[in-house]
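Here are a few friendly notes to read alongside the model. Please keep the viewer open as you go through them.

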Amino acid sequence: MDSGRFFERGGPMIRYSDLEYLKLSKGKRFGYKIASFFASIPTALKNGLLAIWRFLGTVFRGIGSEIKDLVNTFKEGDLPTRVSYLVMGFGNLCRGQILRGLLFLLFEAVFILYMVTAGGYWLGMLPSLGLQGPTKELDPILDVFVTTYHDNSFKILLYGVLTIFFIIAFIYTWRLNIRQNKLAMQILKSGKKLKSGKDDLRSLVDDQFHKTLLALPLTGIIIFTVLPIVFMILVAFTNYDGTHDGFNNNLFTWVGWQNFNTMLSWQGSGGQSYAATFGEILSWTLIWAFFATFTNYFLGMMVAMLINKRGIRLKKLWRTILVVTIAIPQFISLLYVSKMFAKNGILNGFLLSMGWIQQALPFWEDPTWARITVIVINIWIGIPYLMLITTGILMNIPADLYESSRIDGANAWQQYTKITLPYMLFVTGPYLLTSFTSNMNNFNVIYLLTGGAPTNPAASSAAGTVGYTDLLITWLFKITMGAESQYYLASVVGILVFIVVAVISLVVYGAMPSIKNEEDFQ
Amino acid sequence: MSESKTAASSLKRHMGIQASRRIGNTAAYIVLVLISVIWLIPFVCILLQSFRVESTWQVGYVIPQQWGLDNYRNLMNTDFPKWYLNTLIMALVTAVLQTIIVLCMSYTLSRFRFKGRKFLMRFMLILGMFPGMLTMIILYRVLKDLGMTQANAVPGLILVYIASSGMGYYVSKGFFDTIPKSLDEAARIDGATRFQILKKIILPLSKPIVIYTVLTAFMGPWGDYVFARYVSFGTSAGMNVAVGMYNWLNKDQISSYYTMFCAGGVLVAIPVTALFLWLQKYYVEGVTGGAVKG
Amino acid sequence: MKKLVSLMLALVMALSMCSFAGASSLEGTYDVTIWVGEKAVDLTLKQVEDFNASNEYGIKINPTVEAVSEADSATQMVTDVEAGADLYCFAQDQFARLVQAGALMQLGAGASEFVKTNNDAGTVAAATSGEAIFAYPLTADNGYFLYYDKSVIPDEDVDSLEKLIADCEAAGKNFSFELNTSAWYLASFFFATGCVSEWQTDDDGKFISVHDTFNSPEGLIAVKGMKKLLDSPIHVSSSAGDDFASGSAAVVTGTWSYDTVSQILGENFGAADLPSFEVDGKEYHLGSYNGCKLMGVKPQTDAVKGAVLNQLAQYLTGEKGQMERFEALGWGPSNLADQASEAVQNNATLAALIAQNAYSIPQGQIHGSWWDLAKVIADDVKAATDDAGLQAALDNYSEKMAALFTMSDAEMNAWTVIGSINGDDWSVDLPMTKGDDGVWKTDEAYAMDAGVEFKVRQGKSWDNNFPADNFVVETAGTYYVTFDEATETVAIVAE
């Protein structure tokens, strides 16, 4: 009642001191918390922008000092150092660090070879994404049309980006090479010995061990995650689609912000605009993610508590039964479950034959039914995981908490709300957030259960049908698989999905009571 | 208020507690049985359908009129064994390599404090927020240029599965965080290298999380449909079970393949379920030890 | 090397006017990947063997036949043409998309003639974009009709949609008609009342115009008929033959369901043309699409391999090939000679389809997005509570159709030159680009004779055009055309 006033009243919010806060009633406290959360948003935004500004400042200052350092090193450097500006690793070789020197040299050789043979071409083509598409002419003798393929926009974009990555890596290595010269000169000056190749190797399994461990995983992530994401973002600025596939029919090219304008303009010419469709799907995605996360969370916790209940036997059996469902691939179980709920599926058949219903229930036909059904079936999928996770935590709650509360006369419900739930929420806060965002991108459940059905006539467009159960991620899939394969549009949607997820994560992280300090746990 | 009366009332209260507990337990059992039935129904149905021989299409009843192994026999005459073998190979190799990579990553992030660590973790968190759906077409082209598509889809898929697996370090990092750092420090004082600490101290303590990682990695390839379809690109020799069997659900084919689909489903479920039941204990420990700390 | 071969070939051709010019050069062994439907894999392997044994050119095909369904193959091909099969079968609705994607080889004059003379007109149209032919018709049985359970529906009731619904409701059985999820089936009601949706494509497979009358008084009658079925609790939006095993007594589907349905129903099996529905006392017989499956050749960089693939495709889709497919799989042929044969004429499976053919229209080329746009009509109609709601459903549809062909703002605002330049008879819009000075200028300079006339217009329409009278070129030369939007003046600038 009273808690609402923070929203109604304009102007600056009343701030309480700790003592004042403690005097507030429950409702007021809640309202105060929410109000302070909203009140903190402008500050958070300001801080965020300031942080970005400071970051940029640091970057520019960093670059400035780097250049200064490079010049100084050259001025003060000996001959091997100076030669190293051109021939990487030369200084190392002269000073007896054969292994390092050779590696530097090898890297430079590979880089130059690559740039000459291929990299130069890809980089040169990047601004245009190719000059000539395929041509077709009739071979008059064989009476056959022959196609000659020329540039490939897709490859130009892909390898162009890869080449830029490579150049960045080269610049970094080159800088490293110079810094090492500087360091070596300093070390020699102070009369110490340089590290030998053997020392280097040993340090790789000791104080530099993290580099060894991270080398492989990070290379994989850069090539197979970062590169594709950069590519995907760039595609949003091209006209890459089914009729401009970049090789077989027409080349694609840069179109600037046009796709974002198309996507975000609210003035759709006839029918619903993309922005409106996006908004509609986004709101369902958020509703879905909320229910999918919290129904699973609370029901999973309840099942875990049920199994943990004192006096229940065969605990292991119950757990096993639930856990088995994790082990069976979803494309089998979900497809089957989807058929069970069909209008002529066995569930309707059973209910009809028992006479409990007069006509088949529209599980997949009616928008509201379908939305509820997917959430319910998702409970079926999610409870086993949550049961496992919460079982462990429940056992960790100190038993004496319950003992003492029982002596104080608390009943089971009070114990749950005062002890179990706060503890659980505190410990699993971060987990809840990740599970919320991963539910937003839960492709499998929707794709296998409904494929997005039933269709939402108003939201469907030339870019493909949209259903009432479609999430942003399945919509994105449909756009690429649809008749026109509008990859550029899918990229725009992908970027927007990212922004939504990122904003939610940031806001929730900021608002979470237990932003954990990871060092506390060790 | 005589003593006997107090004793009686306490006894009564005691019995009351017992009775209410008995009622509570009975209710709990009923709920548990109900839950078990709901959770098992689809699997029991799939199992029963796989033994139905009187027809191959979907029917409105569950219990077969005629029982037999025809569906399993027929499966052997399709490409199913090949798909099964492909998937098994992928699952085994991925399980080993992905575990190594995930452990490297999570151990490093849990134990080392180096420049750029926070940045790295935040960076991967942000990367994970991009929907992966779109990057598939790009990964497909990369694999194609490496000659790892179509008939060679198996190594290609393995490469992609393991390449980005480092991003899934959360759970095991959470687990490593629970192992006291003082153990490391003591060993450092004794002159052990970081590598020796990992091998001799951390790994033996990490059995649950290792097994958890192996299990999740092993399960992945069995269910992958969207990306595996890209990479095998219409070539039966490179398909996994999901892609191969999904084709049977095509409108023209479903009525002759439906029961075989169920039989295939049962065969797919067997290795994963068996492994799961066998290693369940560690999975639970791994998931509870790691997930919540994230 | 290739030139030398061509030269020799030219010589050979000059010497002997044999039926096929490149004959002798085709000898050799070729690795060929072929995608066909799962059921046709074995047959195709056998047919390729026969081709190897019988062809007169010494071609040896080393085939890899993969089961990729006719529904999936186009999606696969469009994703990556390069990795796709050399020869592949697909349903005709994917044709335009494949031509646009550059996934189909245009046929030469001889091959085009082969297609035109041997196949029925509907299937030839299905393989044609603009003036060019891009594929070989393979079957002509991609239509739908009614299967029914005789134990529930008496034979005399199959002519009437209302009676069918009543029989099913009385028996507590379902009626499967895939209206909500497939425009292919949904169009049936519109065709019944004489509505059309016809599309034109150009030589690149690009859609240039549509004639669509779904939103019309006839269309309103159609959706009224449709609503009868949609409102019935026994309607199931499905086209699966095995629906008979799960409670349906009538299913609208095609020949591919025959095996399943006949096995499930046994002696109660019934098949007939689609029923009629009644609105305001008038009967309308449900129409249908009459479609086909096609075989396409992937574009080739090597003329010889291209010629070999065309030979193989002609064998597989020729009179003999289609007959074998009919005998082995029961697929209705598109080949005229096969269609005339006694076996095909007497085939029970195709009888209902042939009866329905009287009411069907050839599918032709349809914009890929139309399928997605049109199928939502059913959901709209079902939700409608009165005639106004039904009309709203049609309005929604036609609005979307309009949006499909609307130009972007940039195109609407752009100026173009149109006239007798280049000998274009006022039919081609020459593009212009706006310069930094705000003056529009043609992208290239054109050679113009004295007396050439033209105008500058906006958005490719005559709403805004300059100058008021045609601009006339006085001296011949090569000129850019410029247009200053501010002063509305047209000028020419020598190159």
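1. Helices here are DSSP runs of H or I with at least four residues, and strands are E runs of at least two, numbered from the N terminus. This is a predicted model, where local features need pLDDT of at least 70, side-chain atom pairs count only at 80 or more, and totals for chains, interfaces and linings use all residues. Residues are numbered from 1 along each chain as its sequence is written, and chains are lettered from A in the order in which they are written.

2. The axes of α3 (80-111) and α10 (207-223) of chain B come within 8 Å and cross at roughly 140° (lines fitted to C-alpha atoms over the stretch in contact, angles running from 0 to 180 degrees between N-to-C directions).

3. The contact (C-beta atoms, placed from the backbone, within 7 Å) includes Met90(B) and Val102(B) of α3(B), and Phe218(B) and Trp222(B) of α10(B).

4. In chain C, ten of the ten residues of α8 (183-192) are buried, so this helix is largely enclosed by the rest of the structure (buried: 20 or more other C-beta atoms within 10 Å of a residue's own, C-beta atoms being placed from the backbone). Among them are Trp184(C) and Phe190(C). Gly194(C), with a positive phi near 90°, follows α8(C).

5. Finally, 21 residues of chain C are in contact with 19 of chain B.

Terms used
Contact = placed C-beta atoms within 7 Å. Buried ≥ 20, exposed ≤ 12 C-beta atoms within 10 Å, placed from the backbone.
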